Amino acid sequence: MTTDAIVIVGAGQAAGQLAASLAQEGLGGRVTLIGDEPHLPYQRPPLSKKYLAGEIELDRLFVKPAAFYEKNGIGLQLGKRVARIDRGSRTVILEDGSGLPYATLVLATGSRPRRLPLPGSELDGIFYLRGIADVAAIRARFEQGKSLVVVGGGYIGLELAAVAVRHGLKVSVLEQAPRLMARGVGPLVSEFYEQLHRQEGIDLHLGAAVQSFEGRDGLVRRVICNGGFDADIVVIGAGALPNVELAQEAGLATADGILVDALCRTEDPAVYAIGDCTSQFHPLIERNLRLESVHNALEQARIAAASICGKPPPAVQVPWFWSDQYDVKLQMAGIPSSYDDAVMRGQPGRRSFAVFYLANGALVGIDAVNRPADFMISKLLIGERARVDRAKLLDEGVAVKDSRL
Ligand code: FAD
């Protein structure tokens, strides 16, 4: 028996967008989403921001309401895990042993927190933050006056620290690198965030590599790291690893992500992969990237949808990302790993500035703090590989767009 079924494994941000794009093309009735979490596809960014702070309700997280899937005939198998893929018979096999045939398979399995296998890491009170269930567990321990130790000074750890300190917890952040968010922003921006978090009352330690956790009666009590930090709760934010095992076991090529071409196809023409689990060549950045961002999840979903429908893909965009900490919005575009010049405009002291990254006179990246207009125009200029006048970028009196040479 032949099938025209489109099976999507994973029901996260990328899967939700793909289902919506396919429904728009009238293909909803062919689609089944299989996800191991018990929820409709949802957005994760608020998990370390407004949802954690209790400022928005659960239903605001969902990509689409339940009625959308019903109306478009999209099948949902939630709370179910795919155990393996049989590419020979084009079937996915669920953990309960049932099989689902596909004509087109899309892997949208996301990523998972990198675990720290340190002594004591099995103690109760130590958490990672990836899903709705994690927020429920962390929030249940969020009590004023309690001590929280955040291990890792990346976006997720810092966003969580900001919410917690405003909630009245005593918060320490331990980062083993010499600066914050080192993988994502330049040193000037790291320095700004270091001061910001200290001003807000965070006990911040850089160059601090955690050695172990100590507990009493099975509950975490101290984090050992050049001395010790009292802890009622520990949250670890030490990066993420792509969920590539299903693809690997099915014999598909992976290298820090499932390898996909410009149309998000794996080497098997019947199998696509999208979102955090992929590694793809980026024509603007000129190397393979594995991006963990909403923008990438949405873009790759749109590209895969176009390809499945036999339509031309949308134009490639400059990668971008954002982070909200206190009242400060950070927006980043480009991957400025090989810049040779950094130019700042604005005033960090006023919590409003931008750092532009240049390579051979062309704009290759921006980190913008509470500067949405500078961010938007810079994103366009980066996409055009525009050459810019350094002096004009520095001059607040000249619009960023007018710095183009
Ligand atoms: P996911 O949303 O992770 O979805 C993958 C789903 O597949 C998961 O539900 C997973 O459990 C499921 N799955 C995996 N394997 C199987 C299997 N075998 N069978 C069934 N199901 C399976 N990005 C930004 O751009 N800005 C932000 O501010 C930002 N903040 C974030 C804050 C937090 C706390 C987190 C965790 C992430 C944040 N991100 C942010 C990153 C962004 O959320 C991810 O890039 C995005 O969710 C990726 O979407 P995805 O669909 O690839 O993966």
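Predicted model: local features only at pLDDT ≥ 70, side-chain atom pairs only at ≥ 80, totals over all residues.
Residues are numbered from 1 along each chain as its sequence is written, and side-chain values use heavy atoms, leaving out hydrogens and water.

A pocket here is an open set of points on a 1 Å grid over the protein atoms alone, where a 1.4 Å probe fits, with protein on both sides within 12 Å along at least five of seven lines.

## What lines the pocket

Lining residues have an atom within 4 Å of a point. There are 23 of them in the second largest pocket, with Lys49, Lys50, Ala53, Glu55 and Asp324 nearest its centre. Helix H4 (155–166) gives the largest share, 4 residues, and strand S22 (320–325) supplies at least two. Helices (H or I, at least four residues) and strands (E, at least two) are DSSP runs, numbered from the N terminus.

Elsewhere to visit is an open antiparallel sheet of 3 strands, in the order S4-S5-S6. Strands S4 (82–86) and S6 (99–101) are its edges, each pairing on one side only; pairing takes at least two DSSP bridges. Between S4 and S5 (residues 91–94) there are 4 bridges, and Ile85 has Val92 in S5 as its bridge partner.
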